[in-house]
Amino acid sequence: MPSTALLIAAKDLRAEFRTKRTLNSMLIFSVMVILAFRFAFTAGDGGPAMVAPSALWITFILAGMFALSASFSKEKDQETFQSLLLCPGSRTSIYLGKMLSSFILITMVELFSIVAMAVFFEYDFGGPERLAWLAVVVVLGTLGFVGVGTLVAAMTMNTQMREVMLPVLVLPLVVFTIIMPAVTATAKVLGEAGMADVGAEVRLLLTFALVYIIAALLLFDYVIEE
Amino acid sequence: MIEIKGLTKRYGNRKVLNGLDLSVPAGTFLSIFGPNGAGKTTLLKILATLARPNSGTVTVDGWDLAKDGAEIRSVIGVVSHSPFVYGELTVEENLRFFGRLFGLGPAGLEARVRELLDSLGLAHRARDRSEILSRGMRQRLAIARALVHRPRVLLLDEPHVGLDPKASAVLDRTLRSFKDGGGTVVMITHDLAKGLEMADRLAFLFRGRMAREVEAARTDAAGLRQMYDSLAAGDNA
Amino acid sequence: MVGVPRKHRLALLVVALPVMMLAIYMALVYAPSPAQGFAAPDAQRIFHFHVAVAWTSYVAFIVTAVASVVYLRTRSEKFDTLALSSAEIGLMFCTAAIITGSIWARAEWGTFWRWEDMKLFMTLVLWLVYLSYIGVRGMIQARETRARVSAVFGVLGILCVPLSFSANRIWAQFHPTVLVTSTGSLQPGMLHALIVAVVAMTLFYIYLVLERVELEGLHLRLEDLKEEMGDDPDE
Ligand SMILES: Nc1ncnc2c1ncn2[C@@H]1O[C@H](COP(=O)(O)OP(=O)(O)OP(=O)(O)O)[C@@H](O)[C@H]1O
Ligand SMILES: [Mg+2]
């Protein structure tokens, strides 16, 4: 990863941790969603293993929208995006930097949500193997989501009602490609009868993440030029 | 230093720049005047690689704008209407960030940041977040940001707006020393007197073209006013 | 202005209308009812239109994606106009495909929707993507930005279709249900009716796109004129 991308990601995270505005709203939001799922589905509905995977991914994706949208709207509001465009590095390193900082922020919230889910749903992971596979699925799914989401967030930066437009544009792109395999894989990993093989889903998630990131690298220049 | 030939920029069907030619030799201080909406900011954005021209050729320091955007960006510094700095970061953090983006190494960077903070009178605010600075202070930071990588060309869009006389004098001093160091400056301004005072050359941008260019030494405030008014009268006709 | 002269558009309509009539006649009267293997043989007749509109909507979205790529390469506004027009008309055909498909499915399978059916599923993905495509266009005022951003989305949208398709195969395995294929062997009369329906819908699509292109051309000119008069185009 070029150093410009790392510098931009480090700058984003430093600015974010100074105020924690985005992070805090993401954390509060995830607790709310998980609690809502906990009380909307009661014991009769098949137990936590049925609800948890969808609850988790809906939390990840919706909370993730905050990070993606904030990442660009902060630059837009302060007009600092222009100053990033003025730096000599290639413009795709802006994409990579933004992607990296959003990825880190979202992964932190995901970690927190998984803990919250385990607590509220009284879920027992019962060993490191499940946790390791869960981590693989979460990381790959998030990578694909952030990969395409960062591109779309840059697109919506110049639209009206960008907070609404971002999910409207991202969801049809990720609902079947990222959310569906990720939920399936998560359900297999957390299954009550023990873990099932998730090799196929993991390969799929990895492929999609790569396809989306490559497409975004090719298209990003068009999105940000004026 | 800057060579522009037949530059055209359209937004939709409207031609904002219409076959503009301009040549700025190295070491020149050029002031550009023109009415609102004439295309001055657009011209500057194109030079800064922030907007794509529709046709025409532009070279900056020998680099072709169409191909060598990154090289051009590394030799220019830009000051615009808004300061382009991060409110959550402190003054010095902003300067460090931009310095590193332009490839300054850690040792040289610290020295450069100190130097700029001192010369622009920002040293006592170095650790304040830039969002709590006053407008004038923020503008000084914007100027420091534009200079941090020792550019050879400065592109300025109405840099004096919002500055008090003292800050204005600080800016003038900074620009003069930049020029004395061999730098090239293109400054857009609506303040005819200020433009005349600072510049070697003056240019008038009307309706997307350079309507007239003169040496600053060949005119005075009254002559300049007259020139501007006669161009503006012709523009409205 | 872009587009095709009014005379030619009318001529196309004059050709398309009788073909459409013929298609209706062939689907409802000429084609035989399927002899066996269908729960609701006469409901099968809607299938001619269903296949035709679905096929046309795929063509329309491919036209949008191709026009988007060409726009990004050439920056010529007429390709953006074509991309928009084809997306709108395509969405209309796609909606018709989903509705006719559901009617048929209800009669044949007793349910409006089957998640395992690949074609239904792909059609739904396309429908969602191009609905968003049209949505985002309404949210950008600056013409060039609008064209650029929506072209990028047009490309992303078509890219997402094969990806969604391969994801769905895995998902369908995970929710095992009786897999139903929606193709059967076609009797000759049905095949003829189907071909005529596809031709009719394609002609109709071309006609509608040309009209839409024309309309958009006028709309853009109006924007220009208002701007020249110093009006804000969006007031
Ligand atoms: N992104 C854009 N989209 C559409 N039109 C634009 C855009 N940017 C500028 N314009 C138009 O281009 C013309 C020139 O604008 P520009 O900002 O270059 O003028 P200017 O000479 O800097 O004026 P001012 O003195 O007011 O700063 C204006 O009519 C403006 O409306
Ligand atoms: Mg301006």
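The following paragraphs describe two chain interfaces and one ligand site in a predicted model.

The contact between chains B and A draws on 28 residues of chain B and 24 residues of chain A. Three residues of the former chain stand out: B:Leu50, B:Glu88 and B:Leu101 together provide 27% of the area that chain B buries against chain A, more than any other three residues. The size of an interface is often expressed as the accessible area that is lost when the parts come together.

The interface of chain B and chain A holds 2 salt bridges. One of the pairs in such a bridge is A:Arg14 and B:Glu93, whose closest N and O atoms are 2.9 Å apart. On the side of chain B that touches chain A, at least two residues come from each of strand S1 (2-11), helix H2 (69-75) and helix H3 (91-101) of chain B. Of the contributors to that side, H3(B) gives the most, with 5 residues. Sorted by class, the side of chain B that touches chain A comprises 14 nonpolar, 5 polar and 9 charged residues.

The ligand site comes next. Because residues from chains A and B surround ligand 1, the site is shared between chains. The surrounding shell has 14 residues, and the closest are B:Gly37, B:Gly39, B:Lys40, B:Thr41 and B:Thr42. Several backbone atoms of chain B approach oxygen atoms of the ligand. A polar backbone atom of B:Gly37 is 2.8 Å from an oxygen atom of ligand 1. For B:Gly39, a backbone N or O atom lies 2.9 Å from an oxygen atom of ligand 1, and for B:Lys40 the corresponding distance from a backbone N or O atom to an oxygen atom of the ligand is 2.8 Å. Ligand 1 taken alone exposes 640 Å², of which the protein buries 66%.

Strand S2 (14-24) and helix H1 (40-47) of chain B are the elements that give two or more residues to the shell around ligand 1. The largest share, 3 residues, comes from H1(B). By class, the shell around ligand 1 consists of 4 nonpolar, 6 polar and 4 charged residues.

The remaining interface joins chain A to chain C. Here 33 residues of chain A are in contact with 32 residues of chain C. The two chains bury about 2,900 Å² between them, with 80% of it on carbon and sulfur atoms. Across the interface of chain A and chain C there are 0 salt bridges, and 4 residue pairs are in polar contact, both residues being at pLDDT 80 or more. Helix H6 (128-156), helix H7 (162-190) and helix H8 (199-224) of chain A each supply at least two residues of the side of chain A that touches chain C. H7(A) provides the largest share of that side, 12 residues. In terms of class, the side of chain A that touches chain C has 24 nonpolar, 5 polar and 4 charged residues.

Definitions and conventions. Residues are numbered from 1 along each chain as its sequence is written. Chains are lettered from A and ligands numbered from 1 in the order in which they are written. This is a predicted model: local features need pLDDT of at least 70, side-chain atom pairs count only at pLDDT 80 or more; totals for chains, interfaces and linings use all residues. Side-chain values use heavy atoms; hydrogens and water are left out. Contact means heavy atoms within 4.5 Å. Buried area is the accessible area (1.4 Å probe) that two parts lose on being put together, summed over both. A salt bridge is a side-chain nitrogen of Lys or Arg within 4 Å of a carboxyl oxygen of Asp or Glu. Helices (H or I, at least four residues) and strands (E, at least two) are DSSP runs, numbered from the N terminus. Ala, Val, Leu, Ile, Met, Phe, Trp, Tyr, Cys and Pro count as nonpolar, Asp, Glu, Lys and Arg as charged, and the others, Gly among them, as polar. A residue is near a molecule or strand if one of its heavy atoms lies within 4 Å of it. A polar contact is a pair of N or O atoms within 3.5 Å; within protein, one must be able to donate a hydrogen and the other to accept it, and residues adjacent in sequence count only if both atoms are side-chain atoms. Accessible areas come from the Shrake-Rupley method with a 1.4 Å probe; for residues, only the protein chains shown count as cover.
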